[in-house]
Amino acid sequence: MFGLAVSDPGFASAEPEQIPAGEALGRAARFVLQGEPFPLSEGELNGLIAAAEEKDEGTAVRAQDLRVRLLGEQRVAASLPVQWNGLSLRVTAELEVDPEAEEKVLSARVVRASVGRLPLPVSWVCSLASDFLPEGAEVEGETVRIPAEWPLLRWEENMPLIALEVTRLDLSETGASAALAANADGLLELLQQGGDWLAGLFG
């Protein structure tokens with residue numbers, strides 16, 4: 001079993017393709033205005049992951065090292081190299097992604113997992129994964145939930161005024177297609193608060 005765990009099966013995926021922040025925002029805005037899905041290649045998906053901010057310096061797991069391979073029919077394989085007790089291991093999982101976002105959250109069910117060539121219980125992997133997920137993501141049972149909203153303009157740290165929201169994510173072997181919408185819930189809430197304050201002041 002130890003030999004299977006430390007045996008690296010490799011992971012074939014597209015190399016990360018970096019998209020400059022300004023270009024990504026401009027492309028997203030164009031597709032929102034046109035009402036068309038925002039296409040992303042496998043390389044661009046890996047590029048977005050590679051550009052993620054590091055959660056903790058010096059940890060054995062870095063989110064930027066995660067790579068994905070699109071399998072088609074809403075399935076994706078994810079691979080993450082891990083350093084453990086001086087050993088270099090590769091943790092791989094296959095996930096089935098729900099195309100529809102619910103309450104600004106995307107969900108993916110983990111269907112299988114392994115370290116090296118050794119299969120692992122999915123429930124055990126999910127119980128450990130919660131410590132290494134990016135901010136805002138969480139695990140419920142064998143399902144990973146990821147925020148589908150990215151703030152573009154904030155009033156305060158925890159109050160986005162305008163955000164970009166993914167309402168649907170379709171995955172095929174050739175790429176991803178995200179339906180986007182501009183969300184101004186925070187701005188409307190701020191205006192409502194201002195209206196209530198004025199009503200109380202002059203009422």
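Let's start with S107. Beyond its neighbours within four places in sequence, S107 is in contact with E96, V97, D98, T143, V144 and R145. Keep in mind that this is a predicted model.

Where does S107 sit? In strand β5, which covers residues 105-115. Is S107 buried or exposed? Its relative accessibility is 15%, so S107 counts as buried. The cut-off for buried is under 20%.

One of those contacts deserves a second look. The side chains of S107 and R145 are joined by a polar contact of 2.6 Å. So much for S107.

Now the whole chain. How many helices and strands does the chain have? Five helices and 11 strands. Of the 203 residues, 33% are buried. The accessible surface is about 12400 Å². Carbon and sulfur atoms account for 57% of that surface. Next, the contacts with a separation of 6 or more: 47% of them are between residues 24 or more positions apart.

On to L40. This residue belongs to strand β1, residues 38-40. L40 has a relative accessible area of 13%, so L40 is buried too.

What does L40 touch, setting aside residues up to four places away in sequence? The list is I19, L45, L48, G175 and A176. Take A176. In sequence, L40 and A176 are 136 residues apart. In space, their C-alpha atoms are 5.1 Å apart.

To recap. S107 is buried in the model, and its side chain has a polar contact with that of R145. L40 is buried as well, and A176 is among the residues L40 touches.

Terms used
Residues are numbered from 1 along each chain as its sequence is written. This is a predicted model: local features need pLDDT of at least 70, side-chain atom pairs count only at pLDDT 80 or more; totals for chains, interfaces and linings use all residues. Side-chain values use heavy atoms; hydrogens and water are left out. Helices (H or I, at least four residues) and strands (E, at least two) are DSSP runs, numbered from the N terminus. Buried means under 20% relative accessible area, exposed over 50%, partly exposed in between (1.4 Å probe, protein chains only). Contact means heavy atoms within 4.5 Å. Accessible areas come from the Shrake-Rupley method with a 1.4 Å probe; for residues, only the protein chains shown count as cover. A polar contact is a pair of N or O atoms within 3.5 Å; within protein, one must be able to donate a hydrogen and the other to accept it, and residues adjacent in sequence count only if both atoms are side-chain atoms.
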